[in-house]
Amino acid sequence: MLFNIFILLAGLALLVWSADKFVYGAAAFARNLGLPPLLIGLTIVAMGSSTPEMFVAATASMNNMTDTAIGNVLGSNVANITLILGVTALFGAIAVSKQTLTREIPLMLAATAVAGYLLHDGQLSRNDGLILLGLFIALMAYLIWQGLQQRKQQLATVVADDIDTDEIPLGVPTYIAIIWIIVGIILLPLSADWMVQGAVGIAKAFHLSDLVIGLTIIAVGTSLPELAACIAGIIKKEDDLAIGNIVGSNLFNILAVLAIPGLIAPGAIDAAAFNRDFFMVLATSAALPLLVLLTGKRRQLTRWHGLLFLVIFIAYQSALFIAR
């Protein structure tokens, strides 16, 4: 058990670190190629916080643990809203922009509905994976187009408000950027494998199913980068960075990450993934804009909302361990 805990924590720490360095190198390399900072922010930087989920999903799928990969996506989306936004809101009320309420959040809800439709038959087929991947590519094209149009009009809001282009490294030599990309390519799958193996060892000791492993230990672990990003956004008084990070991460998870097990290890899934966990994702995703709208013109998540989200997170995690 102690060895599994060590492997899990070491894998998680290395996964978060290597994902950060990979994104740093990729963003620096793209900037050195002359790509616009806004474009880099909308693609590489925006996907950065979902990199751990991507590699964990790929690793689990290659080990024929499709339910763990699916649980990681669904569990991460629930944790992002209930745990991450819950903790972040305790630091102070989080203002939500009109653009986020009318554009990004509806996109997240639409993507969630599509995923539910694809999962409702108890299968995640390769065609389902291709559909999700196609929607992800279409979404990225749309966001890039929107960002470039807004930039032309000198109104670069929308997702540009949710992406901190100041985080894009400047003045990094190309060879250094390539080194960090290579380091990430090597360490990301290795650390993801350590994390999966450690989580499986711990979970098996408690007789947890593959789905619950993904929904609990792995989902919470891979959501930690979002927690750091959200708290940083609140400290810098840039609330939209916090909300945008969560909404963007959930969008990438449901479209790009969920496509991975469908493409690598298609087949039948645990019935509870749709009957129980998908509806938890849908409910928490819908609760986010509802609670914000209930505050009227203030349009914010309050400390009370944060406390409510944390109570929901604890209750959900407790129910999963009881149900196993």
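This is a predicted model: local features need pLDDT of at least 70, side-chain atom pairs count only at pLDDT 80 or more; totals for chains, interfaces and linings use all residues.
Residues are numbered from 1 along each chain as its sequence is written. Local features need pLDDT of at least 70 and side-chain atom pairs count only at pLDDT 80 or more, while totals for chains, interfaces and linings use all residues, and side-chain values use heavy atoms, with hydrogens and water left out.

Thr82 belongs to helix H4 (residues 66–90); helices are DSSP runs of H or I with at least four residues, numbered from the N terminus. Thr82 is buried, at 0% relative accessibility, where buried means under 20% relative accessible area (1.4 Å probe, protein chains only). A polar atom of the Thr82 side chain lies 2.7 Å from the backbone oxygen of Val78. Beyond its neighbours within four places in sequence, Thr82 is in contact (heavy atoms within 4.5 Å) with Thr284, Phe309, Leu310, Ile312 and Phe313.

Rings of Phe, Tyr and Trp (its six-membered ring) pair if their centres lie within 6.5 Å, and planes over 60 degrees apart count as edge-to-face. The count is five aromatic pairs. One of them joins Phe136 and Phe252 edge-to-face, at 5.6 Å centre to centre and 75 degrees between the planes. These two residues are 116 residues apart, Phe136 in helix H6 (residues 126–152) and Phe252 in helix H11 (residues 239–264). Phe136 is buried at 10% relative accessible area, and Phe252 is buried at 4%. Phe274, Phe278 and Phe279 form one aromatic cluster.

Note on methods
Buried means under 20% relative accessible area, exposed over 50%, partly exposed in between (1.4 Å probe, protein chains only). A polar contact is a pair of N or O atoms within 3.5 Å; within protein, one must be able to donate a hydrogen and the other to accept it, and residues adjacent in sequence count only if both atoms are side-chain atoms. Rings of Phe, Tyr and Trp (its six-membered ring) pair if their centres lie within 6.5 Å; planes under 30 degrees apart count as stacked, over 60 as edge-to-face and the rest as tilted.
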